[in-house]
Amino acid sequence: MTTFPSPRRVAVLASGALLTAGLLVPAPALAGGLTAASPLAPAGGSVVLATDAAGNAAAAWVAGGQVQVSRRTTGAPAWTPAATVSVAGVAASDPDVAIGPDGTVAVAWVGAAGGVSPNVEIAMQPPGGAWVAARRVSDNENWTDNDPQVEVGPAGVATVVWAAKQNGTTKTVVRSKTAGPTTISTQVRLSAADVDGTFSGLSLDQNPTGDTVAAWRLEGATGYVQASRRLSGGAWSTAPALASATTVADATSVAIDTAGNATVGWAAGATEAAALPYVAQWARAAGSPALPAGPVSATPGRQVQVARSATGLAAVAWIDGSGMRYADGVSPAVVLAGGVIASFSLSLSSSGAAAVAYTPAGGGISLATRAAAGSAWSTLAVPSAAGSVPVVSAHGADATLVWPEGGSGAVQAQTLDNSAPYAVHLTAPMSMLNKGKLIRAGWIGADTWSPITYQVERQVGTYRAPLGGPTTWVTTTAIGGSLTAKPGETVCLRVRGTDQGGNASAWSVPRCASVAVDDKTLKQKKLNHKSVWKTVKKAKGSYSKTYTQSSRRGATLALRVKARRIALLVSTGRGHGSVKVSLGKDKLGTYSLASSKGAQQVIIPVTVFSSARKGSLKIAVTTNGKPVRIDGVYAGPA
């Protein structure tokens, strides 16, 4: 069971700074940053959000009396155009949205047609399919339905919980149904009895295996909190009262982890102004929640929200007179932001990374995050001048944020991107030995949330000098380019990608390409004091439009090198001779230039040493009366 720190153990996190040993120090910079904002709708007001562990997201809102939904798929960061899922002519309100483990999306809302009591309706979209037409969930009785909550479990089955009040009476009840794309179950009552008052402030959560927990409050001076649980494959439990004979000041909040352990949060007290934040833990093996011995804070608070990670970490946040506080079972409570906080949203990823979006005293939206329980918090200002009522959902190391802009109600979305681009690698040059001076390069990578900007570095060496240090060649969003090298140069490239969040990938494995030393640079050795080589100019198809030719045995070309890789650029053809290649006193090999085909330019790899070797590279003709044409020599340091 998770226990929370004493309410007296409170450190302070001011906006953008940590209080450490009495010294105010700058908060650490976020590993990543926000992607560009995505406008989801020009108007919509309050928005709800759901994500799965991979970051697939769905947001829903009401615009013009109709429920609209936009989706974002991991790896395809653009949000889809808004889809209207409610029925025309039926005024919609109070939407909630969920994504199931199989990718099914469900949206529930209250629909009110003229002369008919408001009913709960649902629309669903199976994985890869179209939206199924909206259907009524609640029975068309003499009841007014409100505050629907929805979650999607295994096999794409949605669970909907809502409150209902009997028309013309003071009786109130909490109900539930399950719904598939084409089926709806019979109605189940969760509250212990129809009571006088108003049930509201419902909350619902479900884990990927189908364990579900719901909570609600009864408004009024003798209000109470109830919670009910349905383990996978089972029925809803009797709803025990977690707080009674007191004023329940705010909506409830529930969270359930992958093991089936749940947390319920609420605020309650003798008066609304004196309400304190409470948290109850409900272990999977227990029949009912373990009632808290006391509040998590001795200071009155409101808007209590709880969250759980897949690892079992339970967290709670609330607003009090000092600002907004956060506590979990690992760290002391902190004040994430001081001053008047209008609203906030809390989320834990499956790994325990925390995200809290809130409207600070100065206006706008801020986002506080930390990578893991016990790690430092970071605060980031969201570039929204008039944003309000933000909703955040953490997934992996990242988080998705949605909010309506004040005034216009325009719905916006951004992603806190802490995940670096991946699979960033070079696709070209394809060969170490490049024909010609133009080297074509290519690179590619992938990022979950935003486009990639590539930085390509190069190192340059020659046939006599090692590779120099890396320098930036190009920074671009393109995935290829070309550069011209000088004869005898070797160019090595490496690439890394940076996304809009500022996250950089690791450098790729380098690729290198060598350009041949032109034949004119080779020293022609005389034979018996006579020149036995001829340089042919304006030779079509030859490197630098020249080649050097001899047909005398013993004719030798030489080049001083310090190289690791040796190769020849030659012309082969019918009746051509052969050459012997050596470095200093070491013979490297004999190579025939004869070919059954017509004359063509060919690269002949000679050797690759374990490290660069220095000496005189010699190419000697070993045949007599047969042409040998040398176009160039590769001698590279890589």
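Predicted model: local features only at pLDDT ≥ 70, side-chain atom pairs only at ≥ 80, totals over all residues.
Student: Is threonine 490 buried or exposed?

Tutor: Threonine 490 belongs to strand β43, which covers residues 489–498. Buried means under 20% relative accessible area. Threonine 490 has 0% relative accessibility, so the residue counts as buried.

Student: Which residue's side chain makes a polar contact of 2.6 Å with the side chain of threonine 490?

Tutor: Leaving aside residues up to four places away in sequence, threonine 490 touches several residues, including Cys512, Ala513, Ser514 and Pro637. The polar contact of 2.6 Å joins the side chain of threonine 490 to that of serine 514.

Student: How many residues apart in sequence are the parts tied together by aspartate 139 and lysine 177?

Tutor: These two residues form a salt bridge, with the closest N and O atoms 2.8 Å apart. Aspartate 139 sits in the loop between β13 and β14, whereas lysine 177 is in strand β16, so the pair ties together parts whose separation in sequence is 38 residues.

Student: What is the relative accessible area of aspartate 139?

Tutor: Lysine 177 counts as buried, at 7% relative accessibility. Aspartate 139 is partly exposed, and its relative accessible area is 31%.

Student: Where does arginine 308, the partner of aspartate 257, lie?

Tutor: The side chains of aspartate 257 and arginine 308 meet in a salt bridge of 3.1 Å, N to O. Aspartate 257 lies in the loop between β23 and β24, and arginine 308 is in strand β26 (residues 301–308).

Notes
Residues numbered from 1 in each chain as written. Heavy atoms only, no water. Helix = DSSP H or I, 4+ residues; strand = E, 2+ residues; numbered from the N terminus. Buried < 20%, exposed > 50% of the residue type's maximum accessible area, 1.4 Å probe, protein only. Polar contact = N/O pair within 3.5 Å; in protein donor to acceptor, adjacent residues only side chain to side chain. Contact = heavy atoms within 4.5 Å. Salt bridge = Lys/Arg side-chain N within 4 Å of Asp/Glu carboxyl O.
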